[in-house]
Amino acid sequence: MVCPKDNHLLSPKLAAPFSIGSVPIRNRVILAPMSGVTDLPFRQLALRYGAGLVVTEMVASRELVQDTAESWARLKSAGLRPHMVQLAGREAHWMAEAAKIAADNGADIIDINMGCPAKKVIGGYSGSALMRDPDHALTLIEATVRAVNIPVTLKMRLGWDENSINAPDIARRAEEAGIQLVTIHGRTRMQFYEGRADWDAIRAVRDVVSIPLVANGDVETAEDAEEILRRSGADAVMIGRGCQGRPWHAGVIAGHREPNHQEIVEIAIEHYRMMLEFYGEAVGVRHARKHLAWYLDRYAPATTGADKAKIMTSKESGEVAASFHAALQAGADLAHCVQEAA
Ligand SMILES: Cc1cc2nc3c(=O)[nH]c(=O)nc-3n(C[C@H](O)[C@H](O)[C@H](O)COP(=O)(O)O)c2cc1C
């Protein structure tokens, strides 16, 4: 197991601990919840390499109460702490019941998803659609806070569209209702993932809440992380897509050493094996493909179309692992040569 230890403290601010309610968080760089990405293996790696906090993929509250296998898989923590579970839903009753289940099964923090732009999040209109009806959103928040004795947090966008920027209003009311941290993705729902996140606009939330504020959207580098904190006045930063194909990246932004290319080969292969173990062979091979593609895009961009196709289509995990390893190793060798020549 590779585990870079030196901490070169890029930013004392990002490396500083803080807390959510009474739960201590070791630094201010949080891995964003991403459905289909931040499953247990990804979160385990992110925490191992230094992320301050990781969040589960969103768990549909009603489905969890109704006991579906997928919800339980998303809820798993294998003992990793702090365990932050994100719940989505549109009815206070299901949110409260699901929060109790999550808390009874080891959650340290519950996060409410009010940011997902998908038209229909499983179980009805929820996610950022809730921002169109703040009174209703508040019933859900109040019920969730009442249901558990652990901190409840809220993740949302700036508003539904540019004419209804209501994150500050909802955040203020949420704080009054007992929410202990709020995360803002600096886009409206109607922007989906278009354009650039507006880091300055997040400051309007800072101005009205005193609970910890997390800023999110388009952060890739340590400089971005410092800048989003400066412009928004937030206490911590959350990174999503910038961690795809590099689960260690949140830790690196918090000040941990970046793994070298040879270490990356080992981590990527270990990630693949962890996924096969978590999902089982057949499902694991399919779920892992997007991760393998991200690793190759980042660290072995010269991989031929034919080699890539073999990795992406083979159903045989041993064959995939061997081809994937060979492609990444070629990428590492190439990077080494370029370094030597420089
Ligand atoms: C593939 C994918 C899945 C996502 N799933 C979730 C989710 O389950 N819950 C949530 O609150 N946000 C979800 N998001 C939004 C991210 O948490 C984050 O707010 C967004 O990607 C902006 O941050 P970034 O620019 O650092 O990626 C998802 C984003 C992506 C790209």
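Reader: Hi! Where is cysteine 116 in the chain?
Author: Hello! In this predicted model, cysteine 116 sits in the loop between strand E7 (109-114) and helix H6 (134-147).

Reader: Thanks. Is cysteine 116 buried or exposed?
Author: Cysteine 116 is buried, because its relative accessible area is 15% and the cut-off for buried is under 20%.

Reader: What does UniProt list for Cys116?
Author: The UniProt record lists Cys116 under "active site", and the entry is an unreviewed one. Such annotations may be inferred rather than shown by experiment.

Reader: Good to know. Changing topic, how many helices and strands are there in the chain?
Author: The chain has 14 helices and 11 strands. Its radius of gyration is 20 Å, close to the 20 Å that the globule rule gives for 342 residues, so the chain is as compact as a globular protein of that length.

Reader: And what box do the C-alpha atoms fill?
Author: Along the principal axes, the C-alpha atoms take up a box of roughly 60 × 45 × 35 Å.

Reader: What share of the residues count as buried?
Author: That would be 56% of the 342 residues. As for the surface, the chain exposes about 14300 Å², and 51% of that comes from carbon and sulfur atoms.

Reader: Which share of the contacts with a separation of 6 or more comes from residues 24 or more positions apart?
Author: Residues 24 or more positions apart account for 69% of those contacts.

Reader: How many positive and negative side chains are there?
Author: There are 38 positive and 42 negative side chains, and the centres of the two sets lie 3 Å apart.

Reader: Now some backbone details. Where is there a cis peptide bond?
Author: Arginine 81 and proline 82 are joined by one, with omega at about -10°. Proline 82 belongs to the loop between helix H4 (69-75) and strand E6 (84-88). For context, most peptide bonds are trans.

Reader: Is alanine 78 buried or exposed?
Author: Alanine 78 is exposed, because its relative accessible area is 60% and exposed means over 50%.

Reader: Last one: what is phi of aspartate 67?
Author: Phi of aspartate 67 is near 75°, a positive value in a residue other than glycine. Aspartate 67 lies in the loop between helix H3 (61-65) and H4, and is exposed, with a relative accessible area of 52%.

Conventions:
Residues numbered from 1 in each chain as written. Predicted model: local features only at pLDDT ≥ 70, side-chain atom pairs only at ≥ 80, totals over all residues. Heavy atoms only, no water. Helix = DSSP H or I, 4+ residues; strand = E, 2+ residues; numbered from the N terminus. Buried < 20%, exposed > 50% of the residue type's maximum accessible area, 1.4 Å probe, protein only. Rg over C-alpha atoms; globule rule 2.2 N^0.38 Å. Contact = heavy atoms within 4.5 Å. Areas by Shrake-Rupley, 256 points an atom, 1.4 Å probe, with all protein chains shown as cover. Lys, Arg positive; Asp, Glu negative; His and termini not counted. Charge placed at Lys NZ, Arg CZ, Asp CG, Glu CD.
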